[in-house]
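Here are my quick notes on this one, jotted down as I went through it. Have the viewer open while you read.

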Amino acid sequence: MARVPVRGLCVAAAALLLVSCGTTAAEKAAEAEAARIAAELAARTPPPVALADSIAESASIYLSFTRDIATIRGGFADAASIQAALQRGAAYDPAQLSQGMVAYGAIIALQSPEFVAGVRQYASHASVREELANNISNDPRWVLTLPGADSAASLVMSVLRQDIDALNDAADSIENDAYTIQNRWDPRRSWAVAHVADRQQRLDNVKAAATRVMLPSAEDSARLLSAARSGQGLGVSTDRRREGPFPPVVERALALAALAALGEAGNADVARTTALQTETVSQTCLTESKLNLYQCLAASRPAYEDMFCVGRHIVRDLATCTRGASQPAAIVSVSNLSVAAPPPAPRIEPSTLEPAPVAPETPPARTAVTITPTPAPAPQRTLTPTERLNSTPGG
């Protein structure tokens, strides 16, 4: 076997090492360049629409409860069905329902392509995105300056208006039936005019139902979350364009939707999004509605008056509170009063005046006097508690 010179081995090893080092340096340079390009692309690419799971769950609570209450109608078959409706309608927490209203409004706003595109144009640069998200979080009114805000607000108000109308229809049905059932020809009158058994226990049961935590629907939550992230799936639309200022629920719903469009409302941003969901107008209204319901039940005695309490202080109050926080206030305009000047009196020249002929006086004809006896006043009927509640402002 021939021996290889040591010097030759050293030269070959040194050459191989140089080639190896050169290849590694080139690869590292290429990798660094690729990382730089990727970082630039990432900085110019907005993050995906992000909405926390808890927001979709909150929206599902509001949606499932209001849609369920809107299905209650008059025509109760017995007193037990009225008590069941009371338990069903009283089982809500004002804070949860108010937060759910804002959350549902935000998901509706994300169905507006114009609004989402208008917000996402500011999401490409991290510094601009973070600054805008902070401004909206600190003052939700910032969202009204973004492109497409009026389009999203119009959509939110239109969809919520449909729910309000459905609730008012249900309330009309229940309240009208509370009067119908009192008629003597109604076959339900026998039990409708009977006093509710153990009225205090009935009131305690309703108060207990109001303390239960409202749980979301898994199916509705998944559907709403998918619609929020994709911007489609709810099938909502409006043909009316509104202008600001917008009601508080709409304002906060748009702010929450804008954060989601910026990618700043995900599961890691719950503290920020929860603050935006807190809206005092609807929450205060719903809380006062609960107190009115308790007062109504404390005053009612027959079953038909409990029916009235269901229609007025559960179904209709839910519609009223939703309307007050999500719809513009009614505007009443009075035109200026214009009084026409009286026509000028005709001028009569003195020379044209002639004495009018005087007719002989004729004694008036004597007519028989007819005396009609005055009927005695009818005895005043005592109003039922239901009629007193209905005639009192605020119930």
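Predicted model: local features only at pLDDT ≥ 70, side-chain atom pairs only at ≥ 80, totals over all residues.

1. What does Glu-175 pair with? It forms a salt bridge with Arg-312, with 3.0 Å between the closest N and O atoms.

2. Elsewhere, Arg-88 and Asp-68 meet through their side chains in a salt bridge (3.1 Å, N to O). This pair connects helix H3 (residues 79-90) with helix H2 (residues 53-69). Arg-88 is partly exposed at 35%, and Asp-68 is partly exposed at 32%.

3. Arg-223 and Asp-220 also form a salt bridge, at 3.7 Å between the closest N and O atoms. They are about one helical turn apart, because 3 residues separate them in helix H10. Here Asp-220 counts as buried at 18%, while Arg-223 is partly exposed at 39%.

4. On the nonpolar side, the largest core has 95 residues, and Tyr-104, Phe-115 and Leu-254 have the most contacts inside it. Helix H7 (residues 149-180) supplies the largest share of this core, 14 residues.

5. Last, Thr-238 lies in the loop between helices H10 and H11. Its side chain makes a polar contact with that of Ser-158 (3.5 Å).

Key: Residues numbered from 1 in each chain as written. Heavy atoms only, no water. Helix = DSSP H or I, 4+ residues; strand = E, 2+ residues; numbered from the N terminus. Polar contact = N/O pair within 3.5 Å; in protein donor to acceptor, adjacent residues only side chain to side chain. Core = buried A, V, L, I, M, F, W, Y, C linked by side-chain atoms within 4.5 Å. Buried < 20%, exposed > 50% of the residue type's maximum accessible area, 1.4 Å probe, protein only. Salt bridge = Lys/Arg side-chain N within 4 Å of Asp/Glu carboxyl O.
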